[in-house]
Amino acid sequence: MITTKKALKIILANVCPLMVVRNPLDEVLGCCLAEDIRADRDLPPTDRSAMDGYAVRAKDLAESPRELRLVGEVAAGIAKCPKVTEGTCVRILTGASVPKGADAVVKLEETTERDGFVKFLAITKVGANIRIQGEEVTKGRVVLCKGTVLNAARIGLCASVGKAAVKVYERPGVAVLCTGRELREAGTKVGPHQLRNSNGPALLAALENAGISRIEHQIVPDDPRILAEKLKVTAGRYNVIILTGGVSVGKYDFVPEAVRRIGANVRFHGVAMKPGKPQLYATLSGNRHIFGLPGNPLSVLTGFSELVLPAIRRLSGFDAESSHVTLKLPLSRSVHSKANRTAFVLGKLIWGRKGLQVASIKSCGSADLVAGAQADGVILVPRNIQRIAAGELVEFTPWRSIP
Ligand code: AMP
Ligand code: MG
């Protein structure tokens, strides 16, 4: 059986980023930028006032108090404005261009104005409260590099440099097929021997979290012929298919057979991890990927965050290194594992006097979604390590992607 590290390596070696598209700014949150973004002009574009106050010549305020004659006003967005000459000042508002002749701005709070004169209570220095033209960036310089994930600030910056649309990598569409004759959807009648389909809604939420919006979801019966037919049809429409259940060695585990029936190339079946040992990964031509996750809810969530999400991020344009993001965090209490494979133990983030830490959560096994619902992600416990003491740094995979 291969290790999780090796499994991830195989996946990333088979996945290529999708096409580049040009999308408007309201459609690119969380996308991977596919071009360098440059400043179309200096920022700020002119010398600007950082305060509401008065534009002055610093030389005129070498001593205090001093009175200067008020000769006009300039507000943000106004181009026309009187010049500041010896003994005069101009009222200026935040964001307005600094008038000719002025070399400092004095805050309103440090002045009093009466009968066309302004009294200044303190001296000032050249450049005070002025944002110099180009101090943030000069025209033509790169402000965002290709490969950057677009968040609120970066989308704002694109708009600042005049970009209404930007080139980003397309994100994949994903089909979720939940296998199992025992499954019923929440909201429908369920018999004592049946089970509610929790994997479907959980995966849809995890996908939405990863910025995936084109998703199809169905329950498929444990029948190799129907399963193969469903796989074939969905593989024609999606780059990623996630199957849950039916991937192990039981009598009704038909996923491996169905995957082979449609001619997919099985890259691995079985990973030395707990939970989720029977994980299957197969590829079809044309950058299409099939993941078979064992049916128990915690195997699904772990398999998704450790193996499927990195593939989705790579398809979405992120480089291999940033496709699987983990945090190094101190343990708040010791964690134990009896597994002879890499264990992924449920973990909860806690903020306290010692800063951010992670606490392990006990579970009754991989079906225990009640415990899973308390977790923020999983703690990696390396193979053959039985105990990690409180205070030690551990690798934690958050179930919400960062960034
Ligand atoms: P399987 O991998 O098909 O053997 O399923 C393992 C366990 O997970 C069984 O107890 C299934 O009933 C359960 N299971 C399978 N699919 C789902 C699902 N979609 N939602 C919740 N539990 C599931
Ligand atoms: Mg099953």
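Select Asn287 first, in the loop between β20 and β21 (288-293). Helices and strands here are DSSP runs, H or I of at least four residues for helices and E of at least two for strands, numbered from the N terminus. Asn287 has a positive phi of about 60° although it is not a glycine. Is Asn287 buried or exposed? At 19% relative accessibility, Asn287 counts as buried. Buried means under 20% relative accessible area, exposed over 50%, and partly exposed in between, with a 1.4 Å probe and protein chains only.

This is a predicted model, where local features need pLDDT of at least 70, side-chain atom pairs count only at pLDDT 80 or more, and totals for chains, interfaces and linings use all residues. Residues are numbered from 1 along each chain as its sequence is written, chains are lettered from A and ligands numbered from 1 in the order in which they are written, and side-chain values use heavy atoms, leaving out hydrogens and water.

**Strand β20**

Go to Thr283, in strand β20. Thr283 is buried, with a relative accessible area of 8%. Show the side chain of Arg267 as well: the side chain of Thr283 makes a polar contact with it at 3.0 Å. A polar contact is a pair of N or O atoms within 3.5 Å; within protein, one must be able to donate a hydrogen and the other to accept it, and residues adjacent in sequence count only if both atoms are side-chain atoms. Which residues does Thr283 touch, not counting those up to four places away in sequence? They are Asn14, Ala264, Asn265, Arg267, Arg288 and His289. Contact means heavy atoms within 4.5 Å.

**Helix α1**

Now select α1, residues 4-14. Its buried residues are Thr4, Ala7, Leu8, Ile10, Ile11 and Leu12. An α-helix has 3.6 residues a turn, so residues three or four places apart point the same way. Color the elements that cover the buried residues of α1: they include β18 (265-269), β19, β20, β21, α6 (297-315) and β24.

**The β24-β25 hairpin**

Follow on to β24 (residues 342-352) and β25 (residues 355-360), which pair in the antiparallel sense over six bridges. Two strands pair if DSSP finds at least two bridges between them. The hairpin joins β24 to β25 through two residues. Pick Ile350; its bridge partner in β25 is Gln357.

**Ligand 1**

Center on ligand 1. How many residues surround ligand 1? There are 16, and the closest are Glu182, Asn197, Asn199, Gly246 and Gly295. A residue is near a molecule or strand if one of its heavy atoms lies within 4 Å of it. The shell divides into four nonpolar, nine polar and three charged residues. Here Ala, Val, Leu, Ile, Met, Phe, Trp, Tyr, Cys and Pro count as nonpolar, Asp, Glu, Lys and Arg as charged, and the others, Gly among them, as polar.

- Gly246: a backbone N or O atom lies 2.8 Å from an oxygen atom of ligand 1.
- Gly295: a backbone N or O atom is 2.9 Å from an oxygen atom of ligand 1.
- Asn296: for a backbone N or O atom, the distance to an oxygen atom of ligand 1 is 3.2 Å.

Taken alone, ligand 1 exposes 480 Å², and the protein buries 76% of that. Accessible areas come from the Shrake-Rupley method with a 1.4 Å probe; for residues, only the protein chains shown count as cover. Two elements to highlight are β13 (174-179) and β15 (195-196), the ones that give two or more residues to the shell.

**Gly180**

Step to Gly180, in the loop between β13 and β14 (183-184). Gly180 is buried, with a relative accessible area of 6%. Beyond residues up to four places away in sequence, Gly180 touches Ile219, Val220 and Asp222. Next, draw a distance to Thr111, 69 residues apart from Gly180 along the chain: their C-alpha atoms are separated by 76 Å.

**Thr88**

Jump to Thr88, in strand β6 (residues 88-92). Thr88 is buried, with a relative accessible area of 2%. Its side chain reaches the backbone oxygen of Thr85 at 2.8 Å. Not counting residues up to four places away in sequence, Thr88 touches Asp60, Leu68, Arg69, Val71 and Lys83.

**Backbone stops**

The peptide bond from Ser64 to Pro65 is cis, with omega near -5°; Pro65 sits in the loop between β4 (53-56) and β5 (66-74). From Lys274 to Pro275 the peptide bond is also cis, with omega near 0°, and Pro275 lies in the loop between β19 (273-274) and β20 (280-284). Last, select Asn129, in the loop between β9 (117-120) and β10 (130-131). Its phi is near 60°, a positive value in a residue other than glycine. Asn129 is partly exposed, with a relative accessible area of 24%.
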